[in-house]
Amino acid sequence: MRSSVTRARRPPAASMRQSRLPLRSITGAGRSRAVSRRRWLLPLALAAAALAVVVVVLANQGGGAAASGAYVGGDLHTLTVAGDRLYVGGHDGVAASTDGGRQWRPVSSLRGADAMGWAQTTEALLVGGHQGLYRSGDTGVSFALESGSGQVADVHALGAAGDTVYLASPRAGLLASSDGGRSWQARNADAGRGFMGTILVDPADPSHLIAPDMQAGLVASADGGRSWTQLGGPGGTMAAAWDPTDNRRIVAVGMAGASSSSDGGQTWTSLSAPRGTSAIAYSADGRTLYAATLDGETARVYASPDHGRSWVAP
């Protein structure tokens with residue numbers, strides 16, 4: 001009995017060979033286009049790799065990474081660490097960060113304070129500027145302008161250890177306080193007029209001071225500011241910081257760049273800080289060195305985990 005299924009007739013061999021020819025032709029063209037794509041994709045890949053290297057190098061130098069910013073106005077004066085907060089201050093604004101500089105919030109009570117110097121006492125955080133001295137009793141959340149015997153006009157530098165506080169003013173010279181800045185006594189009317197930023201005060205010996213002087217460079221005192229000697233560092237020094245776990249390790253920045261010392265300022269080596277750095281500070285544990293630069297009216301903060309040998313955006 002014949003099957004009702006009709007078998008398909010197989011075409012001749014020659015016809016099959018002809019039907020495969022276009023397939024081989026198309027495949028060959030595809031391979032040709034693939035080779036062509038590889039020829040122009042390779043230079044692009046190499047260019048992308050080169051760009052990635054440039055970005056990494058710039059990030060390590062602090063020049064290309066997109067650091068988060070904080071509004072400070074037309075001048076950047078200070079960068080400081082107080083407890084778990086990082087502060088940056090300038091002519092028109094102050095901002096605080098609690099996550100190492102990744103996010104910032106403005107400190108509204110210091111708007112227009114022109115923050116130029118900071119000091120952490122036993123009970124308060126002090127900041128000074130052209131308007132005078134401000135005090136915070138709530139761990140730096142809000143500040144109020146001092147009054148009475150605690151007020152000093154035109155404060156350019158501050159520093160403290162415990163309740164021993166030093167203040168520098170171009171009007172009054174160097175003042176000292178033994179009650180956390182509630183009252184002041186003249187210490188040296190000639191010294192301190194060119195000081196700027198943070199005065200480093202040794203917690204183990206509050207008579208041992210190091211201060212950035214825009215005229216004399218970095219200067220040091222062993223007798224509570226009564227007399228001073230030059231330490232060197234960069235010319236036109238605007239800021240200085242020391243490692244809180246080893247105060248022989250000092251970093252200073254100024255108009256002539258940045259320098260570091262590992263022997264208390266006896267010798268100095270050049271430091272490659274982010275371009276335009278004008279303020280610098282160590283974290284409380286000494287593991288991170290922070291540097292701040294000004295971008296228009298915005299402060300950009302960078303971090304170094306290796307005492308300034310490399311820099312990254314937080």
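Me: Which residues does T80 touch, and what makes something a contact?

Reply: Contact means heavy atoms within 4.5 Å. Leaving out residues up to four places away in sequence, T80 touches R85, L86, Y87, W118 and A281. This is a predicted model, in which local features need pLDDT of at least 70 and side-chain atom pairs count only at pLDDT 80 or more, while totals for chains, interfaces and linings use all residues. Residues are numbered from 1 along each chain as its sequence is written, and side-chain values use heavy atoms, with hydrogens and water left out.

Me: How do you know whether T80 is buried or exposed?

Reply: The cut-offs settle this: buried means under 20% relative accessible area, exposed over 50%, and partly exposed in between, with a 1.4 Å probe and protein chains only. T80 has 10% relative accessibility, so T80 counts as buried.

Me: Where does T80 sit, and what can be said about the cover of β2 as a whole?

Reply: T80 belongs to strand β2. Strands (E, at least two residues) and helices (H or I, at least four) are DSSP runs, numbered from the N terminus. In β2, 6 of the 7 residues are buried, so the strand is largely enclosed by the rest of the structure. The protein has 1 helix and 25 strands, and buried residues make up 45% of its 314 residues.

Me: What makes β2 and β3 a pair?

Reply: Two strands pair if DSSP finds at least two bridges between them. β2 and β3 have 6 bridges in the antiparallel sense, so they meet that condition. Within the pair, L76 stands opposite G90 in β3. The hairpin has 2 residues between the strands, and G83 takes a positive phi near 65 degrees there.

Me: Why is the Y87 and F143 pair called edge-to-face?

Reply: Rings of Phe, Tyr and Trp (its six-membered ring) pair if their centres lie within 6.5 Å; planes under 30 degrees apart count as stacked, over 60 as edge-to-face and the rest as tilted. Y87 and F143 are 6.5 Å apart, centre to centre, with 85 degrees between the planes, so the edge-to-face label applies. Y87 lies in strand β3 and F143 in the loop between β8 (132-136) and β9 (144-145), 56 residues apart. Both Y87 and F143 are buried.

Me: What kind of pair do W118 and F143 form, and how do you know?

Reply: Their ring centres are 6.1 Å apart and their planes lie at 80 degrees, so this pair is edge-to-face. W118 is in strand β6 (residues 117-120), 25 residues from F143, and W118 is buried. Ring pairs link Y87, W118 and F143 into a cluster. A search of the whole structure finds 4 aromatic pairs.

Me: What makes a group of residues a nonpolar core, and which members of the largest one touch the most others?

Reply: A nonpolar core is a set of buried Ala, Val, Leu, Ile, Met, Phe, Trp, Tyr and Cys residues joined through side-chain atoms within 4.5 Å. The largest core here has 15 residues, and L79, V88, W104, A292 and V301 touch the most other members. β2 (76-82), β3 (85-90), β23 (279-282), β24 (289-295) and β25 (298-304) each give two or more residues, with β25 giving the most at 3 residues. Leaving aside neighbours within four places in sequence, the contacts of V88 include L79, W104 and A292. A second, separate core has 14 residues, among them A67, A239, V251 and I280. In soluble globular proteins, nonpolar side chains tend to be buried together.

Me: Why are β1 and β23 described as edge strands?

Reply: The open sheet of 4 strands has the order β1-β25-β24-β23, with antiparallel pairing. β1 (69-71) and β23 each have a single partner strand, so one side of each is left without a neighbour in the sheet. The twist averages 30 degrees from one strand to the next. β1 and β25 pair over 3 bridges, and A70 stands opposite A299.

Me: Which strands stand at the edges of the 5-strand sheet, and why?

Reply: That open sheet runs β13-β12-β11-β10-β14, with mixed pairing. β13 (185-188) and β14 (197-198) each have a single partner, so one side of each lacks a neighbour in the sheet. Further in, β11 (residues 164-169) and β12 (residues 173-177) pair in the antiparallel sense over 5 bridges, with S169 opposite G173.

Definitions and conventions:
Axes fitted to C-alpha atoms, helices over the stretch in contact; angles between N-to-C directions.
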